[in-house]
Amino acid sequence: MSDIIERLEHILVDSTVKARGTSVAKRRRRNPTKPSAKWIAPARIGNEVGVALAVVLGTVGCSHARGDSGGCTMCSYLLDGDERSPTTDELLQQFDNAHSELTDETAPLSVKIYTSGSFFDTTEIPSDVRTKILARIAKDERIQEVVIESRPEYVTPDIMRETRDILGSRRIELGIGLESSNDAIRSICINKGFSLSTFKGAVANAKEYDIGIRAYVLLKPPFLTERDALLDAVKTIEDAAKLGVSTVSMNPVNIQKYTLVERLWRKEQYSPPWLWTVMSVLRDAWNKVGSSINILCDPVAAGKVRGAHNCGSCDESITSAIREFSIHQDISVFDSLDCDCMRQWHHVLNHEDISLLIHSRSRRS
Amino acid sequence: MTEFLIGRGHDGPARVGVYRMGSTKVQTPFLVGSPNTESIIGYATLGRNDSPSGGPMILAVPSPIHDSKSFISDAREDDSILLPSFPAVSFLGAEAAELMLESQLRFINEIQGMVDPSRLIVRIPRQLAPEKLASILAEFSSLGVRAASMLFDGWLGPQDYSVLSSRTMLPIDWLAIALGRISPSSIPFLFYLGFDVFDLGYAAESASRGVRLWNLSEESITGGILPRNCSCTACADYSDLRELDREKLHAVLLGHNLNIYQSNLSESVQSLRLGRLRWLVESMVHSSTAATSLLRKTNKSLFAFLEEFTPTSGQTNLSLIGPESYNSPTVKRFRDCLSSRSTPPEHKTLVLLLPCSARKPYSESKSHQRFIKTIERAIGAARSSVAETILTSPLGVIPRELERLYPAAYYDIPVTGDWDIEETEIAADALVTHLQKFAESVVIVAHVSGGYLDVVKSAEDRVTQSIVYTTDQHSPSSFDSLQSLQNTLNDMREVLSLKGGPPALFKDTLRATADYQFGPGAGEALVPDGAKLGGKLYRMVVCRVDKEQTCAFIGDRGSLSLTLEGGRRLIPLQRYWVRFEGRKLEGGSIFAVGINEADPRIRPGDEVIVLNNQDELIAVGRSEMSGREMCDFKKGQAVSVRHKVV
């Protein structure tokens, strides 16, 4: 089977590159001194509830998505970036701009640095910028937690040591898109471009310096039935817990522009997960490993056609239960949820597996 | 061991049979769904649902991203197994689709010895070129696979054409399964195209959405509109479904939806037995533009497949209602055979074009009786030199000699007098082709008006003979028109020096019928000059040569039955032969198991000759299947013997 998977991989790379089209080259120019996005929100910080600042630095974008490999089948975050790499000064200005959002907040604070790619990739964030940004965080005593995102291949012992040195005793968590613990799914459904062993290496390197890992788990990449997607997400969360990650952030696929997933979705060959599926994954996973790790989920575009959704009438209550769960890690928030569409969801779980028909929700009659 | 045996009876590629799952015999066509009940073969996914229980089921192996092999042991001896594949991957293109088949082949090799391959079902992806598909399927066949599944997504439309096209590539003795969302109205269509098993998933899905399914539409049981009245077993007790609680409503809808699938399937099977399946399909597509386009495209592009399994004889009325009928297999085959096989008798020096009549055969209608009377009044016995040719839609042209043939004597169309462009073109093309078979000196008398006249006018430029019009736009059976016809024929008697000869109607009819049934040359072989012909056209006309009967024309069917002598005379033509693997016949039927070679022209219902392994004629009879089926099927009656050498 391995050669068939390999040939499928090639086809997948071609298809993702095609889906990307000219979108990467044609990214619109943006103000290089402002971050792509920034927001603050209440968040769980250790055992307390505080405020978290999230900043998305506008960089040249994820190396995997920029390159010939086409990037991941569901992701076009790099379109937030710029075709030109910002200068050292510009990148620092971006961070400072976001940092100022925290001026009036009190401890405990959390800072999450995203780049639509990898913070530790020096082609995106030169090493001097990296150390300067970390130094600015180190100076802010209110910040007790730092979350950074990177692909695992950039998580080297040197960078881990340096990060720990600068940030001192703060809680540090490294977000890595594991997506799935199944190598076949990660390659032929996601085109992620690394194997489980690379991820394990990154976990080990980070642990060495007491840096925790926040594993991103993807719910429902393309080419899976709803049930296979559900089972794989639960299994991945379980596996991630066993590998020693500190947190799992579960991300239901949403339809982003210029991705293979979008193309499939337009042809009704992909459908975003049901919110029931999201709920089931959280509940099943929490029952298995909830005592050892936090499981978070903030579904993007929930209740919308491009995001995880149900029938329309129950979407809001389920989405808010999911958010509630993320903060309090209490699965009883799901207990009272019910809707007529649950039966339909059960049907899809069964029937997709048997028929392999993608049950797109628009094409019925 | 799992086995699919195809039974007797055909209407297009549709067939009935038995799918043997171990010791359980399941009549095909059948429905699959969940749960597993007496009337529904259950399906489930291995490792995902409860362990299989009850009668044999169809079980899916989960995706190849898992260790698919590990699931196999949960299947029971008699269960059939859907091979593992990925959803949606084939949409990445032909190469990906091919890989989906290759991975299934690989899986079969992996489980060798664990499962009898006759239990396996290959999943056919979309997007694969038909030739490529055929060659890969041959590999599955050589491994012992005998069933395939294909995917549909809701109400049929042009997007499903490629799946239907893939269906035609299956080895003919394979079981064909339609999975996915199958609307109830699709069942006759898919059955007609040769699908044997239908997924009930859409019945369950619709019920879960609060939707009641009907043949032509879907009804949502919510909101302010009063639900329809339904007297089916599920609905009968409830006058307003909106008053039911959730659980009860779901049960009622599920019951109703299953009922409609069961009723449609049984109607389809009965229609096959009555030779009316094509009519049912045409009737049902009319409610949907998408399904109608699909049928039109299928008529055109999959004609060879449809035609191969469409019987050549029938005794039921053939209602040709709309444009979907213009190129239905029976209709287009008639036009094709007429064009390629029929030769007008040499003594015809005048072609008289006449309109068709509602009553069949035409000569028994009031209008044609008048035409015939007029012809005879004008030229008497010289009528034998007139090629009476009837123009009609959508069959094109019908020589008087073939008016009793199927489908000419059995079709019916909605008559308004208006012809659409396609009908006019079809008839004009048929007319041009037909007239090319006559000498240039022949005169054409067009005794037609209205749409028929438009046909002649639109053919005129392409006709080399001269055309005389007689009706002056009046109805052809009006007094004036008939008078004009009589005068014209009178004139022609002199111009063409028409002479009376021996009555030729029997001979012309039998020869034309022989050529139509067996191809050029058959007429002369079976009805040589000097043959003695006796009887009545509307009953039976027997043909004897030197006191030995060669064939008989049967008025009811308008076709010839052969005697052994007639069969012998046809041997040199090398058509419509079946080779029996043996020397001599026992019994009154020949079964497919005894046939390895047969003329691929043979269709169900054809008169055929049976040769033994030394090329001697041993029987004549009527085929029960097409030539290819006789060769490929291991079981089933291939020929009903009429006469055999004793």
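Throughout this note, two residues are in contact if their C-beta atoms, placed from the backbone, lie within 7 Å.

1. **Ground rules.** What you have is a predicted model, where local features need pLDDT of at least 70, side-chain atom pairs count only at pLDDT 80 or more, and totals for chains, interfaces and linings use all residues. Residues are numbered from 1 along each chain as its sequence is written, while chains are lettered from A and ligands numbered from 1 in the order in which they are written.

2. **Chain A in outline.** Chain A holds 12 helices and eight strands; helices (H or I, at least four residues) and strands (E, at least two) are DSSP runs, numbered from the N terminus. Its C-alpha trace spans about 60 × 45 × 35 Å along the principal axes. The radius of gyration (taken over C-alpha atoms) is judged against a globule rule of 2.2 Å times the number of residues to the power 0.38. For the 365 residues of chain A, a compact globule would come out near 21 Å, and the chain's 20 Å agrees.

3. **Inside chain A.** Here 53% of the 365 residues count as buried. Buried means that 20 or more other C-beta atoms lie within 10 Å of the residue's own; exposed means 12 or fewer, partly exposed is in between, and C-beta atoms are placed from the backbone. Take the contacts in chain A between residues at least 6 apart in sequence: 78% of them join residues at least 24 apart.

4. **Chain B in outline.** Chain B has 19 helices and 30 strands. Its radius of gyration is 28 Å, close to the 26 Å from the globule rule for 646 residues, so chain B is as compact as a globular protein of that length. Along the principal axes, the C-alpha atoms fill a box of roughly 90 × 70 × 45 Å. Buried residues account for 52% of the 646.

5. **Domains of chain B.** The chain splits into domain 1 (2-303), domain 2 (342-495) and domain 3 (520-644), with bounds from an automatic or database domain assignment. Between the C-alpha centres of domain 2 and domain 3 of chain B there are 33 Å. Five residues from domain 2 and six residues from domain 3 of chain B make the contact.

6. **Where the chains meet.** On the chain B side, 42 residues are in contact with 35 residues of chain A. Elements of chain B that give two or more residues to this side include strand 5 (41-45), strand 9 (147-153), strand 10 (175-181) and helix 6 (246-274). Which helix gives the largest share of that side? Helix 1 of chain B does, with six residues. By class, this side of chain B has 18 nonpolar, 12 polar and 12 charged residues; Ala, Val, Leu, Ile, Met, Phe, Trp, Tyr, Cys and Pro count as nonpolar, Asp, Glu, Lys and Arg as charged, and the others, Gly among them, as polar.

7. **The barrel.** In chain B, eight strands close into a parallel barrel in the order 4-5-6-7-8-9-10-11, and the twist averages 25° from one strand to the next. Two strands pair if DSSP finds at least two bridges between them. Strands 9 and 10 of chain B pair over seven bridges in the parallel sense, and B:Phe152 stands opposite B:Gly180 in strand 10.

8. **Helix 5 of chain B.** This helix is mostly covered, with eight of its eight residues buried. Among them are B:Tyr202 and B:Glu205. Just after helix 5 of chain B, B:Gly210 takes a positive phi of about 75°.

9. **The open sheet.** Five strands of chain B form an open, mixed sheet in the order 17-16-15-19-20. Its edge strands, strand 17 (396-399) and strand 20 of chain B, each pair on one side only. Strand 16 (residues 386-392) and strand 17 of chain B run antiparallel, joined by four bridges; B:Leu391 has B:Val397 as its bridge partner.

10. **One residue to look up.** B:Pro476 lies in the loop between strand 20 (466-469) and helix 15 (479-495) of chain B. Is B:Pro476 buried or exposed? B:Pro476 is buried, because 24 other C-beta atoms lie within 10 Å. Setting aside neighbours within four places in sequence, its contacts include B:Pro355, B:His447 and B:Thr471. The C-alpha atoms of B:Pro476 and B:Leu354 are separated by 8.2 Å, although the two are 122 residues apart along the chain.

Key. Axes fitted to C-alpha atoms, helices over the stretch in contact; angles between N-to-C directions.
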